[in-house]
Amino acid sequence: MPVSSGLQKYFDSQQKKKSKGDMKKKFQDLAWNVDPEFLASFEAFHDRILDIVEDNPESEEMVGEELWGLDMKVKNSKRTHDMKKAAAVIEVSEKM
């Protein structure tokens with residue numbers, strides 16, 4: 001049965017959330033949103049988690065869900081930071 005493109009996108013996104021996927025890709029996607037100063041400690045975190053998943057393959061789904069949650073928190077934090085930065089720029093430009 002055909003569905004609208006919006007509904008199809010929703011189902012696709014839900015499936016992506018639930019799919020195990022590739023842990024390295026998930027970390028790579030998450031790393032793009034990490035502050036460069038934090039990246040050094042993130043690398044150690046990344047290696048440790050991949051070691052855990054490699055040693056315990058049954059934990060991959062749980063780790064994937066946790067990474068998805070962490071990704072959402074990082075993105076929200078970045079948006080908040082960007083909004084504060086934009087507000088400061090607007091405030092300064094209005095004073096000029």
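**Entry 1: Asp-71**

I began with Asp-71, and I found its place in helix α4. I am working from a predicted model, and I keep that in mind for every entry below. I looked up the cover on Asp-71 next: at 12% relative accessibility, Asp-71 counts as buried, because the buried class takes in values under 20%. Asp-29 is 42 residues from Asp-71 along the chain, and their C-alpha atoms are separated by 8.3 Å.

**Entry 2: the partner of Asp-71**

Which residue forms a salt bridge with Asp-71? I found Lys-75, with 3.2 Å between the closest N and O atoms. I noted that Lys-75 and Asp-71 both lie in helix α4. They are 4 residues apart, about one turn of the helix. I also compared the accessibility of the two ends. Lys-75 comes to 29% and counts as partly exposed, whereas Asp-71 comes to 12% and counts as buried.

**Entry 3: the other salt bridge**

I looked up how many salt bridges there are, and the count comes to 2. Besides the pair above, I found that Asp-82 forms a salt bridge with Lys-78. Here the closest N and O atoms are 3.3 Å apart. I asked myself how Asp-82 and Lys-78 are placed in helix α4. They are 4 residues apart in that helix, so about one helical turn separates them.

**Entry 4: the acidic patch**

I turned to the surface charges. Which residues gather in a patch of negative charge on the surface? I listed Glu-43, Asp-47, Asp-51, Glu-54 and Asp-55. I took Glu-43 as the one to look at in detail. Glu-43 lies in helix α3, which runs over residues 39-55. Its relative accessible area is 39%, so I class Glu-43 as partly exposed.

**Entry 5: Ser-59**

I moved on to the loop between α3 and α4, where I found Ser-59. Helix α4 itself covers 60-95. Is Ser-59 buried or exposed? Ser-59 counts as buried, at 12% relative accessibility. I then looked up what Ser-59 touches, leaving aside its neighbours within four places in sequence. On that basis, Ser-59 is in contact with Ile-52 and Val-53.

**Entry 6: the chain as a whole**

I finished with the totals. I count 4 helices and 0 strands in the protein chain, and along the sequence I read the pattern α-α-α-α. Of the 96 residues in the chain, 16% are buried; Ser-59 and Asp-71 are among the buried residues.

Note on methods: Residues numbered from 1 in each chain as written. Predicted model: local features only at pLDDT ≥ 70, side-chain atom pairs only at ≥ 80, totals over all residues. Heavy atoms only, no water. Patch = residues over 30% accessible without salt bridge, like charges linked within 9 Å, V, L, I, M, F, W, Y side chains within 5 Å. Areas by Shrake-Rupley, 256 points an atom, 1.4 Å probe, with all protein chains shown as cover. Salt bridge = Lys/Arg side-chain N within 4 Å of Asp/Glu carboxyl O. Lys, Arg positive; Asp, Glu negative; His and termini not counted. Charge placed at Lys NZ, Arg CZ, Asp CG, Glu CD. Helix = DSSP H or I, 4+ residues; strand = E, 2+ residues; numbered from the N terminus. Buried < 20%, exposed > 50% of the residue type's maximum accessible area, 1.4 Å probe, protein only. Contact = heavy atoms within 4.5 Å.
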